Amino acid sequence: MDRIIFHWTGGAHTPSNLDKQHYHFIVDGAGNVHPGRYPVEANRKPVKGQYAAHTLNCNTGSIGVAVAAMAGAVERPFAAGSHPITPAQVDALVALSRDLGKQYGIPVTPQTMLSHAEVQPTLGIRQRGKWDIAWLPGMAKPGDPVAVGNKLRAMVAMPAAPQAPVSAPKPSAAPTPAKPATGPLAAFLRALVAIFKRSK
Ligand SMILES: [Zn+2]
């Protein structure tokens with residue numbers, strides 16, 4: 001496989017049967033990943049038979065992953081609609097893409113891991129006014145598709161975030177100052193060091 005393309009379904013937070021025909025994986029509102037009807041391999045070059053049709057003239061070699069969201073969303077003036085993308089969906093989409101990238105040897109680059117909205121500006125393959133995913137939770141309105149794609153790619157490239165913020169070690173956990181070594185082994189080592197020093 002050559003690339004991963006990020007989408008939103010334009011529906012509610014639960015994948016529909018139609019969504020499952022169009023994407024290889026769909027992330028629901030709670031961040032659970034649902035497999036689509038067609039396996040990733042159905043889109044492998046040369047495509048034979050039925051496959052997941054998710055991106056106009058760019059389905060061959062492309063894995064389609066989607067967040068189930070953005071029903072009734074409007075690009076301009078912006079309205080996120082009844083089912084905006086949730087932060088849990090972003091996290092799950094990022095983790096899924098990271099895993100798929102490793103599994104299929106797809107690097108995290110603007111050409112190989114990109115949103116549907118980036119396909120036209122980056123790959124030069126004309127789409128029909130697609131703006132998924134140019135908006136993420138916390139944004140006031142859609143941004144430049146490539147800038148938003150860069151944000152997603154940076155998250156994919158980062159190792160998984162730790163569960164709790166890393167804090168300084170507690171005083172009790174601090175290493176105790178080293179005492180001068182004692183015992184037969186230490187004496188032996190000192191003797192050995194002395195021999196080496198003398199032999200110089
Ligand atoms: Zn799309």
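A residue is buried if 20 or more other C-beta atoms lie within 10 Å of its own, exposed if 12 or fewer, and partly exposed in between, with C-beta atoms placed from the backbone. Glutamine 50 has 10 C-beta neighbours inside 10 Å, so glutamine 50 counts as exposed. Glutamine 50 sits in the loop between strand S3 (33–35) and strand S4 (62–67).

Leaving aside residues up to four places away in sequence, glutamine 50 touches Tyr38 and Ala42. Contact here means C-beta atoms, placed from the backbone, within 7 Å. Tyrosine 38 is twelve residues from glutamine 50 along the chain, and their C-alpha atoms are 7.8 Å apart.

## Model and numbering

This is a predicted model: local features need pLDDT of at least 70, side-chain atom pairs count only at pLDDT 80 or more, and totals for chains, interfaces and linings use all residues. Residues are numbered from 1 along each chain as its sequence is written.

## Overall layout

The chain has five helices and five strands. Their order along the sequence is β-α-β-β-β-α-β-α-α-α. Helices (H or I, at least four residues) and strands (E, at least two) are DSSP runs, numbered from the N terminus.

The chain holds 200 residues, and 32% of them count as buried. Take the contacts between residues at least 6 apart in sequence: 59% join residues at least 24 apart.

## The largest nonpolar core

A nonpolar core is a set of buried Ala, Val, Leu, Ile, Met, Phe, Trp, Tyr and Cys residues joined through C-beta atoms within 7 Å. The largest one has 38 residues. Trp8, Val27, Val65, Ala66, Val67, Leu93 and Ile133 touch the most other members. At least two residues each come from strand S1 (3–8), strand S2 (25–27), S4, helix H2 (87–104), strand S5 (113–115), helix H3 (116–123) and helix H4 (145–157). H2 gives the largest share, five residues.

Valine 27 touches Val33, Val67, Ala68, Gln89, Ala92, Leu93 and Leu96, not counting residues up to four places away in sequence.

## Packing of H3 on H4

H3 and H4 pack at about 115 degrees, with their axes 9 Å apart. Axes are lines fitted to C-alpha atoms, for helices over the stretch in contact, and angles run from 0 to 180 degrees between N-to-C directions.

H3 contributes Ala117, Glu118, Pro121 and Thr122 to the contact, and H4 contributes Pro145, Val146 and Gly149. These residues divide into four nonpolar, two polar and one charged. Ala, Val, Leu, Ile, Met, Phe, Trp, Tyr, Cys and Pro count as nonpolar, Asp, Glu, Lys and Arg as charged, and the others, Gly among them, as polar.

Terms used
Two residues are in contact if their C-beta atoms, placed from the backbone, lie within 7 Å.
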